[in-house]
Amino acid sequence: QTTKRAYNFNAGPSALPLEVLQKAQEELVDYNNTGMSIMEMSHRSKDYETVHNEALSRLKTLYAIPDNYEVLFLQGGASLQFTMVPMNFLSEGKKASYVMTGSWSEKAFKEAKLFGQAVEAASTKENKYRNIPTLNEIQFDENDAYVHITSNNTIYGTQWKEFPETGEVPLIADMSSDILSKEVDVSKFGIIYAGAQKNLGPSGVTVVIIRKDLLEKANTTIPTILKYTTHADNNSLYNTPPTFGIYMLGEVLKWVEAQGGLKAIEKNNDEKAKVIYDVIDQSNGFYKGHATLESRSLMNITFRVTDEELEKQFLAEAKEAGFIGLNGHRSVGGCRASAYNAVPFETCQALADFMVEFQNKHS
Ligand code: PLP
């Protein structure tokens with residue numbers, strides 16, 4: 001009997017690979033012949049420690065993370081990173097530059113202002129966040145504590161294709177919605193952080209990849225639990241970690257390896273997004289993409305049905321046909337198809353077919 005899976009385009013939490021869910025199901029009540037679920041074990045036990053350390057090393061291998069970086073498993077989501085980054089690296093008299101490419105950049109920026117001076121390095125707000133600024137539009141000072149970017153804008157459906165060169169100034173990226181979707185040269189970044197619930201696993205784990213020299217420069221007069229050094233010094237086992245989430249993350253990483261690694265994943269993501277963007281582009285204006293062509297995200301495909309009344313009907317009929325999560329974010333409206341790693345090509349093809357059919361019926 002085959003498992004019936006939804007056409008899941010949720011923006012987050014989002015689809016997980018079926019194979020991973022099935023493996024977790026098999027192991028749920030008895031992990032490795034221990035007579036216990038991984039959730040029931042001490043985080044200091046041998047079995048759990050193996051899961052924990054293997055997940056860390058798999059992520060290091062997949063991204064070819066250099067030895068001068070620490071990988072941390074934290075909690076509190078990417079939203080806590082909006083606070084931890086400035087709390088650790090900003091203070092009176094220091095300045096950080098934020099590139100504004102959407103609502104998540106705005107949220108990160110707002111937190112930074114609580115700790116020191118935060119300024120806009122560039123913003124595409126006037127263009128309704130339809131694009132990523134060009135690299136030469138980004139302004140920052142050599143003395144800045146860091147430059148912050150959002151690598152993929154989940155709500156507006158834009159994605160950085162190349163990253164700015166910031167020289168000695170650490171580049172910090174919120175990669176929540178495109179982590180593990182393509183190869184990235186980690187050595188360009190001071191910090192990469194991401195909530196797990198899109199490409200990495202269930203919500204509850206936050207991955208932080210941080211260059212070791214930054215740990216030494218971090219503020220020391222902040223709460224213990226909010227210092228990166230606390231977690232780096234304790235192999236992310238300072239307090240009880242989200243053990244089940246980290247186990248799931250490890251299984252997702254094995255799945256990514258089995259797909260052929262990040263290069264293969266990127267190729268799949270390219271093909272998946274293309275079938276949907278092609279429908280939009282060939283619709284003679286029936287559908288309209290939100291993002292400019294050069295800034296389009298492979299993860300979140302944002303679009304409108306140009307006729308507003310038909311748009312409501314489109315979303316209603318899509319729901320009826322079994323497509324989940326196609327409503328745009330409540331702050332912008334319209335439609336959004338999130339095609340993260342675990343969304344199969346066939347699901348994207350099914351949506352593309354549905355869009356063509358809907359257009360044929362209504363034009
Ligand atoms: N940053 C980006 C780009 C996101 O897409 C999200 C959530 O969707 C967040 C941050 C917030 O993440 P969390 O809910 O893990 O705090």
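Domain bounds here come from an automatic or database domain assignment, and they divide the protein into domain 1 (21-258) and domain 2 (261-362). Residues are numbered from 1 along each chain as its sequence is written. The model is predicted: local features need pLDDT of at least 70 and side-chain atom pairs count only at pLDDT 80 or more, while totals for chains, interfaces and linings use all residues.

**Stop 1: the two domains**

Colour the two ranges separately. Taken over C-alpha atoms, the centres of domain 1 and domain 2 are 27 Å apart. Where they meet, 23 residues of domain 1 are in contact with 24 residues of domain 2; contact means C-beta atoms, placed from the backbone, within 7 Å. On the domain 1 side, select β6 (152-153), β7 (158-159) and α7 (243-258), the elements that each give two or more residues. Helices (H or I, at least four residues) and strands (E, at least two) are DSSP runs, numbered from the N terminus. That side of domain 1 holds 6 nonpolar, 11 polar and 6 charged residues. In this scheme Ala, Val, Leu, Ile, Met, Phe, Trp, Tyr, Cys and Pro count as nonpolar, Asp, Glu, Lys and Arg as charged, and the others, Gly among them, as polar.

**Stop 2: strand β9**

Now select residues 191-195, which form β9; 5 of its 5 residues are buried. Buried means 20 or more other C-beta atoms, placed from the backbone, within 10 Å of a residue's own; 12 or fewer is exposed, and in between is partly exposed. I191, Y193 and G195 lie on one side and I192 and A194 on the other.

β8 (residues 171-174) pairs with β9 in the parallel sense over 3 bridges, and strands count as paired when DSSP finds at least two bridges between them. On the antiparallel side, 5 bridges join β9 to β10 (residues 206-211). Click on Y193: its bridge partners include D174 and, in β10, V208.

**Stop 3: the ligand**

Show the residues around the ligand: G12, G77, A78, S79, W104, T150, T154, D174, S176, S177 and G195. By class, the shell has 2 nonpolar, 8 polar and 1 charged.

**Stop 4: K198**

Finish in the loop between β9 and β10, where K198 is found. An unreviewed UniProt entry lists K198 as "modified residue: N6-(pyridoxal phosphate)lysine"; such annotations may be inferred rather than shown by experiment. Why does K198 count as buried? Because K198 has 30 C-beta neighbours inside 10 Å. Leaving out residues up to four places away in sequence, K198 touches G12, S14, S176, S177 and Y340.

How values were computed:
Near = placed C-beta within 6 Å. Contact = placed C-beta atoms within 7 Å.
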